[in-house]
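This report covers a ligand site and some backbone features. The sequence and structure come first.

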Amino acid sequence: MNLHVKGEVKAALKEGRGVVALESTIITHGMPWPENWETALAVEEIVREEGAIPATIAVIEGKPRIGLEEDELKNLAGISSPQKISRQDLAFVSSKGLSGGTTVAATMFLARRAGIDIFATGGIGGVHRGAERTFDISADLEELARTEIAVFCAGVKSILDIGRTLEYLETRGVPVIGFGTDEFPAFFSDKSGFLAPLRLDSPEEVASLLKHKKDLGLEGGAVIACPVPEGQGVSRREMEKALELSLKDAEKEGVTGKGVTPFLLQRMSEHTRGRTLEANQALIRNNASIAARVCQKLK
Ligand code: PSU
Ligand code: MN
């Protein structure tokens, strides 16, 4: 396969040192410049501080890349109209030589191809509100059902239908673990009103679950949902208010398809005067740190 693995990542995989895959739609579509670039760098640094090797995954000029150099990361963060690349787009952007950020689904797929077991992101996609009318269900969920990699996230955004997302994951047999919490987190907020189906409290316990999953021959991914650190999130009430306004904006402006998630994230940041953006930065750092710690326990 035409997969370009950065030297440092290749060496780490060969020597069995921990590697944490990182998503890039959060860079190209999830945050504005320069916060996207600053956060991408900070997240890589956090993974290193915990003793693992970061591998930010993206597609550059048609080539799937597992690990980027610092200047490549900066270029990606600064592209003016980057592609948002999910599973369905991978072959297209490759054939056209295009560049962009990979979603959770596409990052999982590429990371698995490279032999990586651990992946950190901000929030996964899920069943959208009104999916009974629109059929809008993120490809992230199907990827979790089929691709064996552990995904560390802060739960799913309340822009989604959290209850239905959890039901979907249950149907598809994906373990969903609240990390140190009974309540499933809601991305910007540590509270969703839904219980996490399972709970584990330490990196050792998560590593043990992943080892047992592998030994059992269970295919598919796992979701490790880590609440945004205390004091760095946005309250559920404030978030719901901003969301209501943002959903109205989306309807008025006729936003559909893959544009929905980036649009809502940007509008929510405007409606909360940047507080959701700050929360987003805090939670991705936290997820990367926990992922890297679990990575160290897997060896
Ligand atoms: N959630 C966020 N920020 C993001 C995304 C999700 O809080 O940037 C991105 C992720 O890359 C995720 C994708 O995989 O949106 C889901 O998009 P869709 O619903 O179109 O599948
Ligand atoms: Mn969608």
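Is phenylalanine 135 buried or exposed? The model is predicted, and in it phenylalanine 135 counts as exposed because its relative accessibility is 71%.

## Backbone features

Phenylalanine 135 is part of the loop between α7 (131-134) and α8 (139-146). Its phi is near 65 degrees, a positive value in a residue other than glycine. Phenylalanine 187 also has a positive phi, near 65 degrees, and belongs to the loop between β9 (176-179) and β10 (198-200). Phenylalanine 187 counts as buried because its relative accessibility is 3%, under the 20% cut-off.

Tryptophan 33 and proline 34 are joined by a cis peptide bond with omega about 5 degrees. Proline 34 is in the loop between α2 and α3 (35-49). Most residues other than glycine have a negative phi, and most peptide bonds are trans.

Ligand 1 sits in the largest pocket. Two or more residues of the shell around ligand 1 come from each of α2 (25-30) and α12 (260-271). The largest share, 3 residues, is from α2.

In total, 15 residues surround ligand 1, and the closest are Glu23, Ser138, Asp140, Lys157 and Phe187. By class, the shell has 4 nonpolar, 7 polar and 4 charged residues.

## Polar contacts and cover

An oxygen atom of ligand 1 lies 2.7 Å from a side-chain N or O atom of lysine 84. For histidine 128, a side-chain N or O atom is 3.5 Å from an oxygen atom of ligand 1. A nitrogen atom of ligand 1 is 3.2 Å from a polar backbone atom of glycine 123. Of the 470 Å² of accessible area that ligand 1 has on its own, the protein covers 94%.

How values were computed:
Residues numbered from 1 in each chain as written. Chains lettered and ligands numbered in written order. Predicted model: local features only at pLDDT ≥ 70, side-chain atom pairs only at ≥ 80, totals over all residues. Heavy atoms only, no water. Near = heavy atom within 4 Å. Polar contact = N/O pair within 3.5 Å; in protein donor to acceptor, adjacent residues only side chain to side chain. Areas by Shrake-Rupley, 256 points an atom, 1.4 Å probe, with all protein chains shown as cover. 1 Å grid on protein atoms, 1.4 Å probe; cavity = no way out; pocket = protein on both sides within 12 Å on 5 of 7 lines; lining within 4 Å. Sits in = over half its atoms within 2 Å of the grid points. Helix = DSSP H or I, 4+ residues; strand = E, 2+ residues; numbered from the N terminus. Nonpolar A, V, L, I, M, F, W, Y, C, P; charged D, E, K, R; others polar. Buried < 20%, exposed > 50% of the residue type's maximum accessible area, 1.4 Å probe, protein only.
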